[in-house]
Each structure stands twice: as structure tokens, then as C-alpha cells.
Amino acid sequence: MTDLAESTDRELLAAHCSGDPDAFGELFRRHKDRMWAVALRTTRDPEIAADAVQDGFISAFRRADSFRGDAQVTTWLHRIIVNACLDRLRRIKPTSELPEYDLADRHDVHGSTVIRLDVQEALGRIPEGQRLALTLVDMQGLPVAEAAEVLGVAEGTIKSRCARGRSALAELLRDRHGDGYPGGS
């Protein structure tokens, strides 16, 4: 393969499986930032996220031949990264408060620090399944079908987790700030 930058993700994965030493590096370059964002929102801890991304990409590198081709490569990577995050989180017993950091898009001109921190806190209080579904669908922009593949659940489960998660977040934010909170009714 002469120009990796012009190859599709599927072509890169196939080239990696065929022994191209640079193909997986191109996949990593393309998707590392998005996978980092998924890991950070999933774990809510930069150190755990970094370890999970590393674990996930190593796993993908080693098991690239397990890619069946019935999903997009990015969906396959999302699933591996989310699973790596969940594995890391299961191994950790929380001993202190989670660190605070900015989860909001830094290009969001309407977001304030207070709102971002309140949303971060509220996300930490909803069930993991709802948080993961909201992270993939609302924050990462994945279609419901792709989020369902990543999490290994039915599309209806993703839809209901998102709906319940959004409702729970709205309620938590209303409880904290009353009906005058942006997005409150």
C-alpha cells in the first residue's frame, strides 16, 4: 500500500493483518483523539482513560484479525476502548472523590464553567449504562445503532438509557438550580 493516508480504515486494518508495519499506526493517528474523548467521558479520570486507551489500542493491534467486517472499524475500536475502560474501572475501588476536570467542548461559547461542572457532577450520579449511552450518542455523536454495537446491547436499550439518562440529568440539574436552569422547564 503506497499512501496510507488515502486508505480507508478497512484497508488499513487489512494491510495491518497482512503485515504492513505502518498501517495500524495510521489507524491510531486517525482515531486516537476520538477514542481518548470516549475513554475520558467513560472513566471521568484522565489517568485511567490514558491507560484504557493504551490497553484498547494494544488489544486492537493484537486482535485485528478478529475484526469480522460487519461493522465499521471505528465501531469496533469504540467497543474495544469502552471495554478497556470498564475493565479498568472494575479493577479500581474508589478511595476518594473523583477529580474535577472540564468535560464540555472547549468551543462551546454558551457553556459556562458552572454549568459544565454541574453537568459533570450530574453525569457522575446517573447509572453507568445511562452515562455510557449518553456519552456515545449525545457527546460523541454516534448513531444509536452504532452505540448499541459498541456497548453490545439492543438499539432500544440505547434509546431507553438515553431517555432515562437525559431525564435524570434534567432532574438533577433542576434540583440544584430550580426551573430557571438552562434546559429546565
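Mentor: Contact means heavy atoms within 4.5 Å, and among contacts in the protein chain between residues at least 6 apart in sequence, 62% join residues at least 24 apart. This is a predicted model, where local features need pLDDT of at least 70 and side-chain atom pairs count only at pLDDT 80 or more, while totals for chains, interfaces and linings use all residues. Residues are numbered from 1 along each chain as its sequence is written, and side-chain values use heavy atoms, leaving out hydrogens and water.

Trainee: How many helices and strands are there in the protein chain?

Mentor: The protein chain has 8 helices and 0 strands, taken as DSSP runs numbered from the N terminus (helices H or I, at least four residues; strands E, at least two).

Trainee: Switching topic, how many aromatic pairs are there in the whole structure?

Mentor: A search finds 4, counting rings of Phe, Tyr and Trp (its six-membered ring) with centres within 6.5 Å, and calling planes under 30 degrees apart stacked, over 60 edge-to-face and the rest tilted. One of them is Phe 28 with Phe 57, edge-to-face at 4.8 Å centre to centre and 80° between the planes. Phe 28 lies in helix α2 and Phe 57 in helix α3 (residues 46–62), so this pair ties together parts 29 residues apart in sequence.

Trainee: Is Phe 57 buried or exposed?

Mentor: Phe 57 is buried, with a relative accessible area of 5%, whereas Phe 28, at 34%, counts as partly exposed; buried means under 20%, exposed over 50% and partly exposed in between (1.4 Å probe, protein chains only).

Trainee: Which residues form one aromatic cluster?

Mentor: Phe 28 and Phe 57 form one together with Phe 24 and Phe 61.
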